[in-house]
Amino acid sequence: MEEWRFEPAHDFGLSAEQRRQSLRREVGLESAISCLLWRLITRFYLALAHRLEICGRENLPKRSPFVLVANHASHLDAIILGGILPLRFVGAVFPIAAGDTFFTKRSSSIFATACMNALPIWRKNCGAHSLRDLRERLLNGACVYILFPEGTRSRSGEMGNFKPGLGRLVAQTNIPVVPCYLRGTFDALPPSGRIPRWKKIRVNIGQPVSFPSAANDRIGWEAIARSTETAVRALTN
Amino acid sequence: MDPVTKERLFGFRHAFDSPVTLWITLSVLGALVIASIIIWLLRTLGRTSDKLHDELVKRVLSWAVMTPLLLGPVLLGAAWTIAAVAILSVLCYREFARATGFFRYRSLSIVVVLGIASTTFAIADHWYAFFVAIPPLIIVLLAMVAILPDQPHGYTQRVGLGAISFLLFGHCLGHLGYIANDADFRPIVMLIILTVELNDVFAYITGKTFGHHKIVPHTSPNKTLGGALGALLLTTTLVATVGHFVFAGSPVDTPIKLIGLGLIVSVAGQFGDLMLSSIKRDIGVKDMGASIPGHGGLLDRFDSLLLVAPAVFHYINYFRGFGVDQPTRIFGGGA
């Protein structure tokens with residue numbers, strides 16, 4: 001008789017705080033439930049307060065893994081992109097969030113993980129190896145990343161240039177990258193604001209692209225960043 | 001809800017109705033204070049190294065946190081006791097599911113949690129027929145839900161892990177909660193928890209002193225014949241002595257039956273410990289988690305209780321019954 005094969009959670013044995021910070025964090029029933037509740041509340045809020053309009057929903061891949069990329073002007077962005085995905089992806093969607101913004105304080109890191117299911121990336125010294133971990137996870141598992149390749153929220157509302165980190169995740173793979181353009185989020189909640197305003201928000205979802213033949217080196221990553229940036233800019237109208 | 005039930009569920013004024021409850025509470029608190037003093041003395045006399053001292057402090061601190069969490073609900077009332085057992089069930093299940101990887105089968109995980117919730121309802125409702133109906137029904141549900149993904153590879157393992165999870169953490173542990181349906185549940189529940197924990201301590205101390213022959217070196221290299229027999233002797237004596245006051249005047253209160261009770265606590269407790277060792281070796285992990293500093297996971301601490309609770313429950317239930325004079329079907333109506 002063949003032996004049973006056990007595979008402990010990849011973040012097994014870590015303390016609660018270490019788990020929240022870990023890129024290997026696996027979502028259990030309790031976080032799946034809290035994320036689902038948060039998703040339902042925010043969907044309702046976005047529909048009501050921002051008359052959220054979604055164009056190109058048919059471009060979303062039917063199955064994971066894939067990466068959603070978009071321009072970034074507001075804290076609402078990740079909530080919106082999480083909200084447009086079908087509910088069956090709950091618990092598999094991981095916004096990649098700035099560690100220094102969301103994971104330094106205990107309360108915000110609990111919110112970032114329990115509600116948003118975010119994975120931290122440390123902007124100062126994120127280094128190649130955490131991106132490699134993220135790439136591996138994307139290749140192995142059923143997961144969806146939400147990524148803002150500008151690296152920070154736009155302070156003017158104008159979209160900035162994409163950084164090549166995205167390329168490290170998807171170069172030489174068939175993983176679809178779905179470009180999205182968010183319009184109205186800067187007016188609704190700019191980086192300088194604290195309370196959202198009742199502004200209309202619209203999301204344009206473009207056709208997925210993948211980069212199986214892009215070189216997995218700096219030149220390839222830059223090319224991927226540029227081509228994704230162009231794809232997002234093409235959705236501005 | 002009739003006043004008798006209400007008093008049982010929420011009547012914290014009755015906390016020390018039984019003198020045994022008071023003794024146990026005071027002794028446990030006293031033991032914590034004495035342990036702290038001993039650790040402090042050993043430190044000032046320079047008898048403990050830094051590492052050992054830190055380890056001892058960590059353990060006593062953990063107990064200082066756990067003691068009120070264990071004793072508090074029992075003293076407050078049956079409702080809190082039942083709720084505490086339910087929380088313990090869910091947390092133990094969570095640890096087990098994360099260690100085995102079972103948590104990845106989300107729909108099966110929901111079935112197990114549903115089973116724990118139903119068990120808690122059956123206990124709170126004082127509805128024994130439903131309490132014993134849940135295990136087979138949960139197995140029926142697991143067997144059905146596990147078919148839905150249409151992946152027969154590993155089917156037996158998934159259903160098996162689900163069944164073990166519910167039976168151990170929901171049903172077996174649930175027996176501890178069910179005792180809260182007895183009018184005199186406080187001393188009984190405390191007696192079980194106290195002696196099960198002390199059983200571990202006795203085995204450790206006598207094992208250190210008299211232990212030579214390893215009994216199951218592949219399962220747990222630190223378990224010795226001396227430790228096992230020492231715990232058997234000490235725990236049985238303790239259970240029989242305290243049990244005499246707890247069960248005074250009931251059919252359990254004969255020397256033979258009390259010794260039988262003590263033997264059950266000690267044997268089932270030690271096997272519970274070994275069961276978790278076997279599970280850990282099988283999975284290939286050292287501790288079941290990191291939730292209690294100095295102890296490991298919750299299961300590392302409450303493993304013995306899993307086997308003792310049902311064994312003791314049915315032993316006492318056979319001679320004297322639980323909550324026989326209490327109203328049943330509290331929420332569901334009926335007699």
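In these legends, two residues are in contact when their heavy atoms come within 4.5 Å. Keep in mind that everything shown here comes from a predicted model.

View 1. Buried or exposed, what is Leu108(B)? Its relative accessible area is 2%, so Leu108(B) counts as buried. If you skip residues up to four places away in sequence, Leu108(B) touches Phe102(B), Leu142(B), Val145(B), Ala146(B) and Arg158(B). Now look for Leu161(B): it is 53 residues from Leu108(B) in sequence, and the two C-alpha atoms are 9.6 Å apart in space.

**View 2. Helix H2 of chain A and what its buried residues pack against.** H2(A) has 22 residues and reaches 30 Å from first C-alpha to last, close to the 32 Å expected at 1.5 Å a residue. Its buried residues are Leu29(A), Ser31(A), Ala32(A), Cys35(A), Arg39(A), Thr42(A), Leu46(A), Ala49(A) and His50(A). As for spacing, an α-helix has 3.6 residues a turn, so residues three or four places apart point the same way. From chain A, the buried residues of H2(A) pack against helix H3 (76–84), strand S3 (93–98), helix H5 (106–114) and helix H8 (185–188). Chain B joins in too, with its helix H5 (106–124).

**View 3. His50(A), Arg51(A) and Leu52(A), where helix H2 of chain A gives way to a loop.** His50(A) belongs to helix H2 of chain A. With a relative accessible area of 0%, His50(A) is buried. Which residues does His50(A) touch, not counting those up to four places away in sequence? They are Tyr45(A), Leu76(A), Ala188(A), Pro196(A), Arg197(A), Trp198(A), Lys199(A), Lys200(A) and Ile201(A). Just after the helix, Arg51(A) takes a positive phi of about 40°. Then comes Leu52(A), in the loop between helix H2 (29–50) and strand S1 (53–55). Leu52(A) counts as partly exposed because its relative accessibility is 22%, and buried means under 20%. Leaving aside neighbours within four places in sequence, Leu52(A) is in contact with Leu46(A), Ala47(A), Ile80(A), Ile84(A), Ile201(A) and Val203(A). Phe66(A) is another story: Leu52(A) is 14 residues from Phe66(A) in sequence, with 23 Å between their C-alpha atoms.

**View 4. A cis peptide bond at Pro65(A).** Zoom in on the link from Ser64(A) to Pro65(A): this peptide bond is cis, with omega near 0°. You'll find Pro65(A) in the loop between S1 and strand S2 (66–70) of chain A.

**View 5. Helices H8 and H10 of chain B crossing.** Helix H8 (residues 185–210) and helix H10 (residues 255–283) of chain B pack at an angle of about 65°, and their axes are 9 Å apart. The crossing is right-handed. On the H8(B) side, the residues that meet H10(B) are Thr195(B), Val196(B), Asn199(B) and Asp200(B). Their partners in H10(B) are Val265(B), Ser266(B), Gly269(B), Gln270(B) and Asp273(B). Sorted by class, this contact has two nonpolar, five polar and two charged residues.

**View 6. Phe247(B) in the largest nonpolar core.** This core has 86 residues, and Ile192(B), Phe247(B) and Ile316(B) touch the most other members. Which helix gives the most to the core? That's helix H11 (residues 298–319) of chain B, with 11 residues. Leaving aside neighbours within four places in sequence, Phe247(B) is in contact with Ile188(B), Leu191(B), Val252(B), Asp253(B), Leu258(B), Leu261(B), Ile316(B) and Arg320(B). Another core lies apart from this one, with 31 residues that include Leu119(A), Leu166(A), Leu169(A) and Val177(A).

**View 7. Positive phi at Asp150(B) and Arg329(B).** Asp150(B) isn't a glycine, yet it has a positive phi of about 60°. The loop between helix H6 (128–145) and helix H7 (155–178) of chain B holds Asp150(B), which counts as exposed because its relative accessibility is 64%. Arg329(B), also not a glycine, has a positive phi of about 45°. Arg329(B) is in the segment after H11 of chain B, and at 24% relative accessibility it counts as partly exposed.

Note on methods
Residues numbered from 1 in each chain as written. Chains lettered and ligands numbered in written order. Predicted model: local features only at pLDDT ≥ 70, side-chain atom pairs only at ≥ 80, totals over all residues. Heavy atoms only, no water. Axes fitted to C-alpha atoms, helices over the stretch in contact; angles between N-to-C directions. Helix = DSSP H or I, 4+ residues; strand = E, 2+ residues; numbered from the N terminus. Left-handed = near helix turned anticlockwise from the far one by under 90°. Nonpolar A, V, L, I, M, F, W, Y, C, P; charged D, E, K, R; others polar. Core = buried A, V, L, I, M, F, W, Y, C linked by side-chain atoms within 4.5 Å. Buried < 20%, exposed > 50% of the residue type's maximum accessible area, 1.4 Å probe, protein only. Expected span 1.5 Å × (residues − 1).
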